[in-house]
Amino acid sequence: MNDELNFEKDLEIDEQALDVEWLEQSKLAFKYARYLKECRHEERRLEENKKNKRSELILKVNENPKELLNKDKPNAADIEAYYRTHPDYQKVVEELNEAKEEAEFADRAYQQIAWTRKKALENLVVLHGQQYFAGPAEPRDLSEEREKKRREANKNVKLKRNKKKE
């Protein structure tokens, strides 16, 4: 994919530029939908590759069972054990598993961008309409406030971990 995805950055919302955020939301969701499509395509391709590799190995062992299994007439369990333990098959399975994990993450990322971020934008617009951002009289930096809360949460987590260790 040409456009680099930065999930953490893309989840961020600039509260001071809600109009721009709204204009970019559909484009951002589409970018993640396209990435999800690519991940699922790769998953299907590797699933087919796995089936082909399995078939190749089964044909190979059926053509030459004596040499590969030391048996004249191998049973289904012998053949399955052969192809499942074959390094080529294991490599394809590993690639498929990685593709499945990536597709699962891409699906979660798409859901967060397309639905959760959109809902957060809607709520921020409602707050803006209620003039939430007009007060207090003393201006405050929301990013600084957010950072303070994050530090406090991390501090609480560390305290809980220390108590568990004791």
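Analyst: Welcome! The secondary structure of this chain comes to 6 helices and 0 strands, where helices (H or I, at least four residues) and strands (E, at least two) are DSSP runs numbered from the N terminus. This is a predicted model: local features need pLDDT of at least 70, side-chain atom pairs count only at pLDDT 80 or more, and totals for chains, interfaces and linings use all residues. Residues are numbered from 1 along each chain as its sequence is written, and side-chain values use heavy atoms, leaving out hydrogens and water.

User: What span does helix 2 reach from its first C-alpha to its last?

Analyst: The expected span of a helix is 1.5 Å times one less than its number of residues. Helix 2 (residues 18-63) has 46 residues and reaches 67 Å, close to the expected 68 Å.

User: Where does helix 2 bend?

Analyst: A bend is the angle between axes fitted to the seven residues ending at a residue and the seven starting there. For helix 2 that angle is about 35° at Glu 24.

User: Which residues form the largest nonpolar core?

Analyst: A nonpolar core is a set of buried (under 20% relative accessible area, 1.4 Å probe, protein chains only) Ala, Val, Leu, Ile, Met, Phe, Trp, Tyr and Cys residues joined through side-chain atoms within 4.5 Å. Here the largest has 7 residues: Leu 57, Ile 58, Val 61, Ile 79, Tyr 82, Tyr 83 and Tyr 89. Helix 2 and helix 4 (76-85) each give two or more residues to this core.

User: What does Tyr 82 touch, beyond residues up to four places away in sequence?

Analyst: Contact means heavy atoms within 4.5 Å. Tyr 82 touches Leu 57, Lys 60, Val 61, Leu 68 and Leu 69.

Methods:
Buried < 20%, exposed > 50% of the residue type's maximum accessible area, 1.4 Å probe, protein only.
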